[in-house]
Amino acid sequence: MTALLEIQDVVKHFPVRDALGRRAGAVRAVDGVSLSVAEGEVLAIVGESGCGKSTLGRLMLRLIEPDSGVVRFAGEDLSALSPSALRQRRRDMQLIFQDPFGSLDPRMTVAQAVAEPLRLHRIVPKAEEAARVADLLSRVGLRPESAARWPHEFSGGQRQRIAIARALASNPRLIVGDEPVSALDVSVQAQVINLLRDLIRDLHLTFVLVSHDLGVVRHLADRVAVMYLGRIVEEGPAEEVLRAPRHPYTRALVAAMPGAGEKQAPLQGDVPSPIAPPPGCRFHTRCSFATEICRTEPPSLKGKAHRAACHLADSLPAMTLREEGLGGGARLARLQAYFRGNAPSPTGMGENT
Ligand code: SF4
């Protein structure tokens, strides 16, 4: 498959200042990341809060500038584009935010919110705008009459559908979803995941899913990249990474999923400060397998389709995961199946929202 998006050795540090405004260090949010996303692929970037995954998602869209490194979209270096060429490119790349309450302007009707990208990128003539908005709303499972209403009149799930309709308005090729379902109740999550899956398939979208929830990742992603303190520590096919993780950090995340059935020790301690990450392997302060070399030598990503940055990746004892519960998404999967109409109703179901 051809890469639609490629990032090479991208670095983004955010300066930290002391009380007198002097530079006192930097948060190393993204610290030398290389990845590619093939056309039509769903790549999930996972990790704990503060690992740099949301910053990476924004760097991919050039919503923030990298300190160094290259971001290429369809073979074009985004940093080499003029402001007007970048504006043109923006119609191909959209972002869905986590918070469906904050991402819509309360002063705009649904029609205005969805039509805004149509106008900005001159997608359809004015006379066809209302029909296009109605079509987009139908695509995301909302009635066309919703166009005249205001965001506050909708539930969280419905607002996220409006945000998705808005993201689709410019016919993008790439969408980055930053925790797109994590603010929603689990029954609504299942419906929005089904919707995203159908849209990705029907519109041949390339999708980057930024998420801390491996249950959601399991239902959407083709490939997974695991981030820890600004770096990728494991990357590979989603099914393989979740079934047989090679990096101790991924193993701990997978083992922590409800129903995984694995007795591995949970993560020790807190994530170290991204201002002064530990030397050697950045995970060594929390890793139950760490040896002397881990404290001094940073491991590089090794492997072909499934890569891990760990000195001991090939010699760790195997994990035994319970397949049924894997993904922490057994209930989510039942809800998804229910909303597709091919399973008996699970108990405790919310209304279709
Ligand atoms: Fe743990 Fe060492 Fe592997 Fe780092 S390199 S994950 S500290 S075993």
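Tutor: D77 has its place in strand 5 (residues 76-77), where strands are DSSP runs of E with at least two residues, helices are runs of H or I with at least four, and both are numbered from the N terminus. This is a predicted model, in which local features need pLDDT of at least 70, side-chain atom pairs count only at pLDDT 80 or more, and totals for chains, interfaces and linings use all residues. Residues are numbered from 1 along each chain as its sequence is written.

Student: Is D77 buried or exposed?

Tutor: D77 counts as exposed because it has 12 C-beta neighbours inside 10 Å; the scheme calls a residue buried if 20 or more other C-beta atoms lie within 10 Å of its own, exposed if 12 or fewer, and partly exposed in between, with C-beta atoms placed from the backbone.

Student: And what is D77 in contact with, leaving aside its neighbours within four places in sequence?

Tutor: With those neighbours left aside, D77 is in contact with V70 and R72, a contact being two residues whose C-beta atoms, placed from the backbone, lie within 7 Å.

Student: New topic: what is the phi of R122, and where does R122 lie?

Tutor: R122 is not a glycine, yet it has a positive phi of about 50 degrees, and it lies in the loop between helix 3 and helix 4. Most residues other than glycine have a negative phi.

Student: What about the phi of L229?

Tutor: L229, also a residue other than glycine, has a positive phi near 45 degrees, and its place is in the loop between strand 9 (223-228) and strand 10 (231-237). L229 is buried, because 22 other C-beta atoms lie within 10 Å, whereas R122 counts as exposed, with 10 C-beta neighbours inside 10 Å.

Student: Back to those helices: at what angle do helix 3 and helix 4 pack?

Tutor: Helix 3 (residues 110-120) and helix 4 (residues 129-139) pack at about 110 degrees, with their axes 10 Å apart; axes are lines fitted to C-alpha atoms, for helices over the stretch in contact, and angles run from 0 to 180 degrees between N-to-C directions. That makes helix 3 roughly perpendicular to helix 4, a label for angles of 65 to 115 degrees, with under 35 roughly parallel, over 145 roughly antiparallel and the rest oblique.

Student: Which residues meet there?

Tutor: A111, V114, A115 and L118 in helix 3 meet E129, R132, V133, L136 and L137 in helix 4.
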